[in-house]
Amino acid sequence: MDVDGAEVQTADRAWPAGSAGLRYGGDYNPEQWPRETWPADIALMQQAGVNLVSVGIFSWALLEPQEGVYDFTFLDEVMDLLAEAGIDVNLGTPTAAPPAWFWKKHPEALPVTRDGIRLGYGARGIANPSSVAYRRAAASITRALAERYAAHPALKMWHVHNEYGAPVTEDYSAESVVAFREWLERRYGTIAELNRCWGTAFWGQSYGSFDEVDAPRTAATVVNSTQRLDFARFSSDALLQCFVMERDIIRQFTPDLPVTTNFMATNCGSVDYWAWAKEVDVVANDYYLVGERSDNHILAAMDSDLTRSLAQDRPWMLMEHSTSAVNWQPRNIAKRPGELARNSLSSLARGADAIMFFQWRASRFGAEKFHSAMLPHEGVTSRIWKEVTELGARLGTLAELQNSRVRDEVAILWDVESFWAQDLEYRPSVELNHRERIIAFYSQLWNRGVTVDFRHPTDDLSDYTTVLMPASYLVSDAGRANLERYVEGGGNLVVSYFSGIVDEHDTVPAGGYPGQLRSLLGIGVAEWLPFPEGETAELSDGSQITSWAEDLIIESGAAVVETTYAGGRAGTGAAIVRNSYGAGRTWYLSTKLDGDDLGRLLARALQAAGVRVPDSKPGLEQVTRSSEAHDYTFLINHTDQDISSAVPGVPLTDGRPDPGAARPTVVPAGDVIIIRADRSDGTAGRRSVDVDPVAR
């Protein structure tokens with residue numbers, strides 16, 4: 001609501017206000033530097049093409065040095081300098097780092113671990129989200145900021161808190177226990193219903209009233225799994241309540257400006273971002289490469305695709321990534337020349353209309369003094385600075401890409417509640433790793449040039465030719481019904497092992513595995529057959545398998561056995577089964593395939609549904625964004641070899657078509673080329689091409 005009580009539509013807050021074009025910049029922490037540094041910083045920002053900076057995210061102690069006593073001197077000056085320079089501000093609420101006076105007065109707001117240890121302060125992001133004192137203090141500083149800067153010309157959007165859920169999500173303090181009981185009563189209504197859904201008849205765990213329920217603390221053995229699952233749900237909701245509280249205060253003063261917070265899409269498994277994405281005006285994301293992984297560019301692409309999906313295909317912001325090495329990995333690997341641009345343009349290709357970094361100037365002290373920055377310790381003579389300014393100049397020429405979209409016909413299901421449940425104790429094998437299976441499926445599609453969306457099992461899936469379920473241990477009743485409608489209506493569903501095992505209460509449905517998907521898949525599982533460590537086997541088509549097999553029962557007359565086991569624990573039984581269901585079909589993979597064996601199977605399933613799988617060379621990332629008039633195909637070469645591509649269209653050079661471009665287009669090693677083509681056939685975003693290596 002605005003100050004007059006009129007509802008402001010989300011569409012009015014869909015992007016930072018201000019100048020048109022792509023956004024470029026990063027976190028700016030001027031309080032870490034003498035005032036005489038600030039004008040030089042801003043001049044260099046202009047040189048680099050920066051047009052948006054995030055300010056004030058960790059400034060609570062400076063802005064409110066004593067409870068209720070505010071000092072906005074430094075922020076006033078910085079905001080004014082940025083406004084004069086034409087650089088817009090994404091103003092942070094500093095509620096991720098309460099000041100020392102708060103902790104001195106309210107030590108009870110410090111979070112308590114599952115083992116009963118109360119954590120100390122001196123870090124960030126650690127307050128108990130259910131603390132009344134914390135919420136009151138956070139509301140006060142947020143209101144003071146919103147009231148003071150509502151009309152400031154530099155202010156174009158708001159950034160609430162910082163990376164909710166990191167480093168602490170769950171709190172086991174007395175205040176959280178009270179809030180958890182209230183959450184449970186709202187969810188279940190009666191203690192009898194809680195007992196039924198939690199299966200408390202097991203191990204004599206039944207409760208007589210809600211005030212007997214505790215948080216699922218560390219105990220002598222395994223704690224009730226549904227209690228653990230519900231506490232994870234509650235903890236995500238408690239953090240979300242804190243965000244919504246601050247957001248609603250801000251909207252009282254600036255109802256027309258977007259409010260966001262920074263997600264960590266694939267790297268913060270403790271927060272349910274599907275719920276959070278409905279509450280932010282603009283989806284923003286932080287992502288940092290795992291430097292030692294050779295496939296880190298594929299994981300970065302996956303993170304971008306999930307973020308775009310959370311944004312429901314609206315433009316999103318890469319709020320933070322690094323120019324080079326980070327400071328917190330076991331070995332903080334520097335990015336190679338050109339990698340900064342490739343990472344950034346991959347996110348742009350996958351729907352980001354803002355490319356931002358942590359941070360502007362490298363810190364000289366604190367935990368992040370060895371973290372890379374747009375302006376490194378070495379300064380303007382560094383390679384990083386050169387690449388930062390080159391990227392800024394390039395982004396400045398690509399305004400026409402703004403608001404174009406990525407359109408896909410393949411989706412992967414992503415459900416954090418299922419991940420929470422699958423990761424609990426006493427599962428059939430330690431190798432049942434949901435993240436590993438999703439990465440395996442995604443990587444094989446990436447290698448074949450197939451771009452995907454991510455969707456929740458209850459989302460409308462009718463726009464997708466094929467939906468993949470690499471790791472959906474938990475499927476709710478609503479999710480089961482939705483998947484049945486999708487396939488019955490003509491959809492193509494590919495399901496991996498250990499999916500559909502339990503319902504939303506982590507309860508096995510009557511009738512055996514996989515109870516939530518049994519009729520849909522046309523099979524039953526008589527027994528799971530996990531492998532000992534290191535054991536391998538084969539399928540009848542020569543594919544290698546590891547970790548897992550199943551004794552399948554064929555229950556549908558429409559089911560066709562595609563591949564069988566070639567001996568081993570499963571004998572010669574069915575391994576991969578295709579089933580007709582209504583107008584659609586399902587594929588069930590009862591074992592763990594990897595590499596090209598998995599890739600070939602996925603390609604076969606996609607092609608059977610009419611999805612064209614490009615003959616793409618591994619290492620060439622190809623993604624298309626489409627506007628009403630044009631397709632923009634990004635060709636990102638992650639290899640040390642030039643690659644030729646026959647994408648129709650004309651390369652953009654400095655944002656303009658190159659009329660002299662020859663065919664085919666050669667993408668130099670480590671480089672990025674964007675091809676613009678007129679749309680004429682209505683298939684934007686689904687065009688696929690063949691690529692071949694070119695000799696140097």
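**Reading the aromatic rings**

Mentor: Tyr473, Tyr497, Phe498, Tyr513, Trp528 and Trp548 form one aromatic cluster. This is a predicted model, in which local features need pLDDT of at least 70 and side-chain atom pairs count only at pLDDT 80 or more, while totals for chains, interfaces and linings use all residues. Residues are numbered from 1 along each chain as its sequence is written, and side-chain values use heavy atoms, with hydrogens and water left out.

Trainee: Why is the aromatic pair of Trp414 and Phe454 called edge-to-face?

Mentor: Rings of Phe, Tyr and Trp (its six-membered ring) pair if their centres lie within 6.5 Å, and planes under 30 degrees apart count as stacked, over 60 as edge-to-face and the rest as tilted. Trp414 and Phe454 are 5.8 Å apart centre to centre with 85° between the planes, so they pair and count as edge-to-face.

Trainee: What makes Trp414 and Phe454 count as buried or exposed?

Mentor: Buried means under 20% relative accessible area, exposed over 50% and partly exposed in between (1.4 Å probe, protein chains only). Trp414 has 11% and Phe454 has 0%, so Trp414 is buried and Phe454 is buried.

Trainee: How do you know that the charged end of Arg361 sits over the ring of Trp33?

Mentor: A charge sits over a ring if NZ of Lys or CZ of Arg is within 6 Å of the ring centre and within 35 degrees of the ring normal. The charged end of Arg361 is 4.9 Å from the centre of the Trp33 ring, over which it sits, and the charged end of Arg578 likewise sits over the ring of Trp587, 5.8 Å from its centre.
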